[in-house]
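Hi,

Here is the structure I promised to pass on.

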Amino acid sequence: MDMKTALRPSLRVRTVFISDIHLGFKGCRAEFLLDFLRRVECQQIYLVGDIIDVWSLTRTFYWPQAHNDVIRTILGKAKHGTRVVYVPGNHDRPFRDHDGLVMGNVEIRLMAVHETADGRRFLVMHGDEFDGIVRASPLLESLGSRAYSAALTINRYVNAIRKTFGFPYWSVAAFLKHKVKNAVRYVANFERALATEARRREVNGVICGHIHRAEITDIDGITYCNDGDWVESCTALVEDFQGRFSLLRWTETAEVLVGSQALPLFEDAVALEPAA
Ligand SMILES: [Mn+2]
């Protein structure tokens, strides 16, 4: 795709929530994320943790240009008036030592409360805080585990082959997680733990990441939103100007996974051409 197309914002939303980007880790799909960031225009961005994979970087230093460009693009938006709230996760835990730090339009917060356009309040946190409560997570116990890294390696090869034959991106690891019974139970426990925390704090819902499973669902009257990740599912959570949430998948094509299919602001984006 040519630069002019790539740089034209084709999606205008109130708020963007992204997490689990894992910059500095080989599995990060930085090119898809860059395309998304370049095409989206928003008032605020919440970075919901595991943005830079400090764990992975300390084991193997890996920092390609695209990963640098992600940081530059986000900082560029902040410089031009987008409010950026950074809620660190477990893979970028060192940033948690700087709770409350504000640099220009970038704020670091251990957790945040987001108020939607229609006045609802949402707790924003990464979610690893509940790992101790949520037990039995074979595939997910440590996102840095060998099994998980192996699944992501297979993911890269399978998708390289799929691309050769003209098939779109498909996540092996996400597919496995839907199939493994214990993983399914872990996800359910995680979601319930976060919904319980939201209720305890008397807010309408929670927005989190960590388990790499995008979702918008109602749990006993609490709205649970997980913005997914950029190593497998390539998903972002967005809020429109009426306060409605949608989940987007952004790979060679852009699609609405959950939410309004008829976002008028979305016309250009769904017509996105496959990357050359
Ligand atoms: Mn995490």
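The protein has 8 helices and 13 strands; these are DSSP runs numbered from the N terminus, with helices being H or I over at least four residues and strands being E over at least two. Residue numbers start from 1 along each chain, as its sequence is written. Keep in mind that this is a predicted model, where local features need pLDDT of at least 70, side-chain atom pairs count only at pLDDT 80 or more, and totals for chains, interfaces and linings use all residues.

On confidence: pLDDT is the predictor's own score for each residue, from 0 to 100. Its mean for the protein is 84, and 81% of the residues reach 70 or more. Residues 1-8 have pLDDT below 50, and residues 264-276 stay under 50 as well. Where pLDDT is low, the predicted coordinates should not be read in detail.

Now the sheet. It is open, has 8 strands with mixed pairing, and runs in the order β4-β5-β3-β2-β1-β11-β12-β13 (strands pair if DSSP finds at least two bridges between them). The edges are β4 (102-103) and β13 (254-258), each pairing on one side only. β4 runs antiparallel to β5 (residues 106-108), joined by 2 bridges, and Met-103 has Val-106 in β5 as its bridge partner.

What about the inside? Of the 276 residues, 42% count as buried, meaning 20 or more other C-beta atoms within 10 Å of the residue's own, with C-beta atoms placed from the backbone (12 or fewer is exposed, in between is partly exposed).

Ile-207 is worth a click. Beyond four places in sequence, its contacts (C-beta atoms, placed from the backbone, within 7 Å) include Phe-17, Val-48, His-114 and Asp-227.

Then there is His-210, in the loop between β8 (205-208) and β9 (215-219). His-210 counts as buried because 27 other C-beta atoms lie within 10 Å. Leaving aside neighbours within four places in sequence, His-210 contacts Asp-20, Gly-49, Gly-89, His-126, Gly-127 and Asp-128. From His-210 to Asp-227 is 17 residues in sequence and 9.0 Å in space, C-alpha to C-alpha.

Cheers

Conventions. Two residues are in contact if their C-beta atoms, placed from the backbone, lie within 7 Å.
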